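Below are my comments on the model, as numbered points. Please read them with the coordinates open.

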Amino acid sequence: MRAGEEAHSLDRAAQEFVAVRPRLFGIAYRMLGSAVEAEDVVQEAWLRWQGTDRAAVREPAAFLTTVTTRLAINVAQSARVRRESYVGPWLPEPVDTSADPQLGAERAEALTLAVLHLLERLNPVERAAYVLREAFDYPYGRIAPILSTSEANARQLVSRARRHLSAPRAESVSLAAHRRLLEVFLAAARTGDLSVLEEVLAEDVVSHSDGGGARGASKVPVVGRSRVSRYLTAFAPRFWPGADVRWVEANGLPAVLVSNGGRAVALLCVDASQRGIEHIMWIISPAKLERYASALPQGV
């Protein structure tokens, strides 16, 4: 191939890749719960695309989706082992979705931190099947070849994933109700108001603190309305004085970024249902916080 033809071919390859890149990142992120790992997968997919005989590829988008999904499955298998040695609870890495509410998907499914955390219960192939079906509306006939399985088995994979995810979840609330619950919770947590905390929390609420080994983060989840309320009340005098709060969006839901001295110290996210706040998720890991905060629009 002459130099001019090769340059034209690479330009076209880049255009085809850029056109589907949001979808590729959305698939990888949902499968891995990590924006960093998802970016690595997408970059590897680009390298594979550059080295492919593209003239033999009839559907670039389908090819790239298959490559990305299979790469993400491989990364997920090794990530499960790494997370077993993670210090304290591991939570998915939050992403700012204010510019892309669905994060490259046809539907904003499997995107909240609570659902991504639940997805960790699935094996990587079940997770891939669920993400492709529920977030990207892929028909089973397209999911099957991506996962090198039969259409019937693809249906079974999605069915098993749905059962795993639906069993423990109560009916969710609207975005407006979610924001109101978080506002009440935040005010009560900052003042250590035990009675209000007990009113807004579900009976079996769980508080997770992902500190990645950072000082002050709880290394075990706190479970139950009474224990969580007392826990929040106890650390309020140490945590909240001097803190500034900024309302942000994380994974499609309202969230609160807490800063002290101009430095982000925590991202507060909750999972809410008709019963109240079901899960409290504190992202304290400096690495996750820095990546999230640096992606936020400035001056807002």
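**Notes on the model**

1. The accessible surface of the chain comes to about 14,500 Å², and carbon and sulfur atoms account for 51% of that. Areas were computed by the Shrake-Rupley method with a 1.4 Å probe, and for residues only the protein chains shown count as cover. This is a predicted model, in which local features need pLDDT of at least 70 and side-chain atom pairs count only at pLDDT 80 or more, while totals for chains, interfaces and linings use all residues. Residues are numbered from 1 along each chain as its sequence is written, and side-chain values use heavy atoms, with hydrogens and water left out.

2. Overall make-up. The chain holds 11 helices and 6 strands; helices (H or I, at least four residues) and strands (E, at least two) are DSSP runs, numbered from the N terminus. The radius of gyration is 21 Å, close to the 19 Å that the globule rule gives for 300 residues, so the chain is as compact as a globular protein of that length. That radius is taken over C-alpha atoms, and the rule is 2.2 Å times the number of residues to the power 0.38. Along its principal axes the C-alpha trace spans about 70 × 45 × 35 Å.

3. Of the 300 residues in the chain, 47% are buried, where buried means under 20% relative accessible area, exposed over 50%, and partly exposed in between (1.4 Å probe, protein chains only). Among contacts (heavy atoms within 4.5 Å) between residues at least 6 apart in sequence, 67% join residues at least 24 apart.

4. The sheet. An open sheet of 6 strands has the order β2-β1-β6-β5-β4-β3, with mixed pairing. The edges are β2 (222-223) and β3 (243-250), each with a single partner strand, so one side of each has no neighbour in the sheet. Two strands are called paired if DSSP finds at least two bridges between them.

5. Strand pairs. Strands β5 (residues 263-273) and β6 (residues 276-283) run antiparallel and are joined by 7 bridges; Asp-271 has His-279 in β6 as its bridge partner. β1 and β6 run parallel, with 6 bridges, and the partner of Leu-201 in β6 is Ile-277. The antiparallel pair β1 and β2 has 2 bridges, and Val-206 stands opposite Val-223 in β2. As for cover, 8 of the 10 residues of β1 are buried.

6. Helices on the sheet. Helix α11 (residues 286-295) lies across β1, β3, β4, β5 and β6 and runs at about 90 degrees to β5. Axes are lines fitted to C-alpha atoms, for helices over the stretch in contact, and angles run from 0 to 180 degrees between N-to-C directions.

7. Helix α5. In α5 (residues 124-134), 9 of the 11 residues are buried, including Arg-127, Glu-126 and Glu-134. At the start of α5, a side-chain oxygen of Asn-123 comes to within 3.0 Å of the backbone nitrogen of Val-125.

8. Which residues does Ile-73 touch, not counting those up to four places away in sequence? They are Met-31, Pro-124, Val-125, Ala-128 and Leu-147. Ile-73 is in helix α3 and counts as buried at 10% relative accessibility. Its C-alpha atom is separated by 27 Å from that of Pro-286, 213 residues apart along the chain.

9. Leu-91. This residue lies in the loop between α3 (60-84) and α4 (113-119) and is buried at 1% relative accessibility. Beyond its neighbours within four places in sequence, Leu-91 is in contact with His-117, His-208, Asp-210, Met-281, Trp-282, Ile-283 and Lys-288. Leu-91 and Lys-288 are 197 residues apart in sequence and 9.8 Å apart in space, C-alpha to C-alpha.

10. Two further buried positions. Ser-229 lies in helix α10 (residues 225-239) and counts as buried at 0% relative accessibility; leaving aside neighbours within four places in sequence, Ser-229 is in contact with Leu-194, Leu-197, Glu-198 and Leu-201. Ala-13, in helix α1 (residues 3-32), is buried with a relative accessible area of 1%. Not counting residues up to four places away in sequence, Ala-13 touches Trp-46, Trp-49 and Arg-54.

Terms used. Polar contact = N/O pair within 3.5 Å; in protein donor to acceptor, adjacent residues only side chain to side chain.
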